[in-house]
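Hello,

Here is the structure I promised to pass on to you. Have a look at it first, and then read my notes below.

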Amino acid sequence: MDHVALDVSGTSDSIHDRKRTKSLRRLWNQLSKCQRSCIYTIVIVLTLTVFYLVSTESERTQISLAESANENKKEVLHNIRNDPRDVDTVFHDNDSEGQVLEEPGGLEADSNRNQVLLPPKVVKKFAGPTTARQEAVVKAFKHAWQGYKQFAWGHDHLKPITEGYSDWFGLGLSIVDSIDTIYIMGLTKEYKEAREWIEKHLHFDVNRDVNLFEVTIRVLGGLLSIYHLTQDRMFLTKAVDLADRLLPSFESESGIPYSDVNLFTRKAHAPKWSPDSSTSEVTTIQLEFRDLSRITGNPKYENAVSKVSLHIHNLEKKDGLVPIFINANTGQFRSYATITLGARGDSYYEYLLKQWLQTGKTIDYLRDDYVTSIMGVEKHLTKRTVPNGFLFIGELLVGGKDFKPKMDHLTCYLPGTLALGVHNGLPESHMKLAEELLTTCYQTYAQQPTFLAPEITYFNIQGENSNDMYVKTNDAHNLLRPEYLESLWYVYQLTGNKTYQDWGWQIFQGFENYTKVKNGYTSIGNVKNPLNVRPKDMMESFFLSETLKYLYLLFSDDPKLIDLDTYVINSEAHPLSIYSS
Ligand SMILES: *[C@@H]1O[C@H](CO)[C@@H](O)[C@H](O)[C@H]1NC(C)=O
Ligand SMILES: *[C@@H]1O[C@H](CO)[C@@H](O)[C@H](O)[C@H]1NC(C)=O
């Protein structure tokens with residue numbers, strides 16, 4: 001607009017002006033009628049053109065002004081959250097506890113596109129430990145973190161005995177996986193360190209094949225969870241970049257994802273050892289990808305994973321039970337594969353229930369498939385031991401023909417999932433099953449002199465001797481796994497029965513006595529011999545992400561420290577939002 005105003009303002013010499021006006025009028029009178037109307041036309045056209053240009057320009061200016069105002073607002077929010085000093089506010093400023101943040105716009109969900117009511121954006125605050133047992137768990141976390149920081153910082157896992165590290169995906173797994181644990185425990189200094197590493201050093205353009213499932217539950221889940229808790233958009237930006245690199249996994253003929261994908265070339269393929277994907281892997285990525293779609297308003301992530309669930313829903317099953325392998329090209333189960341609630345089967349069942357909860361109990365087939373599968377478990381997989389009648393879950397081999405009285409420790413996640421279902425209106429009878437399994441899993445710990453469960457336990461169903469359970473030498477290791485502690489926390493939160501806190505405390509003592517080493521905690525090779533546990537020199541990221549988190553939650557005075565009516569927790573202990581549909 002400024003240049004138009006300049007043209008209008010003329011010279012200040014008025015005499016000169018008047019002279020010029022006179023000679024112009026004389027010139028005008030000399031023109032023919034045709035010439036004059038020609039000039040009129042030109043003037044009118046020019047005026048109209050100028051008017052048009054000016055008005056669109058000003059419209060554009062207004063839009064860009066509005067945009068930059070928006071940007072500023074975003075920038076302010078962004079800066080608030082990116083300022084490391086603000087971490088103190090996040091932890092200690094109780095005035096703004098539960099403060100609802102303004103919708104920043106932009107990346108945020110476009111409600112027209114999704115038709116989903118988003119939960120309010122709340123920065124969640126945690127005050128730190130309030131019980132002596134929680135303090136002990138925080139001390140354990142700090143001990144593990146110290147060793148990781150000193151010898152493995154930025155690498156996936158700490159090797160605490162040789163004072164080294166190991167890289168699996170090269171994504172700083174221990175940091176990304178544990179940052180929400182750190183936040184929930186109220187560890188300000190550790191939170192700053194972890195956040196800064198993620199912001200500056202977590203890059204996904206690594207030329208390496210990664211496992212879709214593992215990276216989804218640990219890294220994508222970890223980023224989304226800390227984003228939900230803090231509303232810090234730096235984590236969301238990382239999550240979007242990662243998910244875009246994982247998406248090519250779904251470009252198979254059937255839509256069932258390949259197990260591996262290269263984050264740099266974005267090329268996906270089946271695992272080297274088999275043409276098949278694991279059933280639990282392709283069905284344990286839905287919570288994370290859906291959550292990302294709901295946050296960003298971009299439906300492509302959710303579409304890819306919903307298609308997988310629907311495809312599997314339509315396949316034939318044995319009373320709701322699924323074989324543990326599925327071919328990404330044909331989209332069919334491997335027919336003679338094992339049926340188990342342990343490795344490669346477990347979280348298929350878990351995510352049926354949790355997806356149903358995440359979507360506000362609106363997708364009926366998920367609930368129905370879950371309830372059917374639990375009936376299948378009771379019909380085909382549960383048996384009792386001799387002589388004490390402990391209920392356990394076994395496996396079916398060769399596509400369902402042979403029963404094997406063997407239970408992975410992984411299966412001990414099930415009591416927690418069952419209790420969560422009952423809390424949400426599913427059959428009461430599931431609670432009885434949950435409590436019995438909780439007792440059996442407790443026995444797998446209590447019957448070992450280290451008070452630590454082995455990876456796999458076998459059960460006595462023939463009455464050949466007087467032991468209910470036994471452990472093979474090759475199965476006697478303990479990888480610091482969380483599944484049983486997870487179940488104890490669920491059942492404790494939902495029943496308030498403090499016996500489960502005491503059980504968790506006994507197990508924690510087992511970890512303290514036999515897995516704690518100078519620079520952290522280590523997996524061990526033998527739970528059967530307290531005098532020689534054979535340390536394996538490896539601290540898995542799930543020890544920080546899950547095992548210590550569930551212990552911390554279990555020992556809280558407030559069973560709803562992470563409320564199961566607000567959060568659905570992914571398979572790697574990362575809390576995500578529950579939506580209304
Ligand atoms: C672990 O150590 C504590 C303290 O020394 C002891 O009371 C407890 O019995 C030990 N537990 C096991 C399973 O060794
Ligand atoms: C708490 O759980 C234990 C172990 O399952 C059980 O023996 C006890 O009866 C329960 N207590 C209550 C009050 O339900």
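**Notes on the annotated residues and the core**

Glu214 sits in helix α9, which runs over residues 212-230. Please keep in mind that this is a predicted model.

Is Glu214 buried or exposed? Its relative accessible area is 14%, and buried means under 20%, so Glu214 counts as buried. Setting aside neighbours within four places in sequence, Glu214 is in contact with Trp168, Phe169 and Val219.

Glu455 lies in a loop, between α17 (429-446) and β13 (456-459). Glu455 has a relative accessibility of 13%, so this residue is buried by that cut-off too. With neighbours within four places in sequence again left out, its contacts are Met407, Asp408, His409, Asp475, His477, Leu479 and Arg481.

In soluble globular proteins, nonpolar side chains tend to be buried together. The largest nonpolar core here has 150 residues, and Phe289, Tyr484 and Leu548 touch the most other members. Helix α9 contributes the most to this core, with eleven residues. That is the helix that holds Glu214.

Which residues does Phe289 touch, not counting those up to four places away in sequence? They are Leu212, Thr216, Leu220, Ala243, Leu246, Leu247, Phe250, Tyr301, Glu302 and Val305.

Technical notes. Residues numbered from 1 in each chain as written. Chains lettered and ligands numbered in written order. Predicted model: local features only at pLDDT ≥ 70, side-chain atom pairs only at ≥ 80, totals over all residues. Heavy atoms only, no water. Helix = DSSP H or I, 4+ residues; strand = E, 2+ residues; numbered from the N terminus. Buried < 20%, exposed > 50% of the residue type's maximum accessible area, 1.4 Å probe, protein only. Contact = heavy atoms within 4.5 Å. Core = buried A, V, L, I, M, F, W, Y, C linked by side-chain atoms within 4.5 Å.
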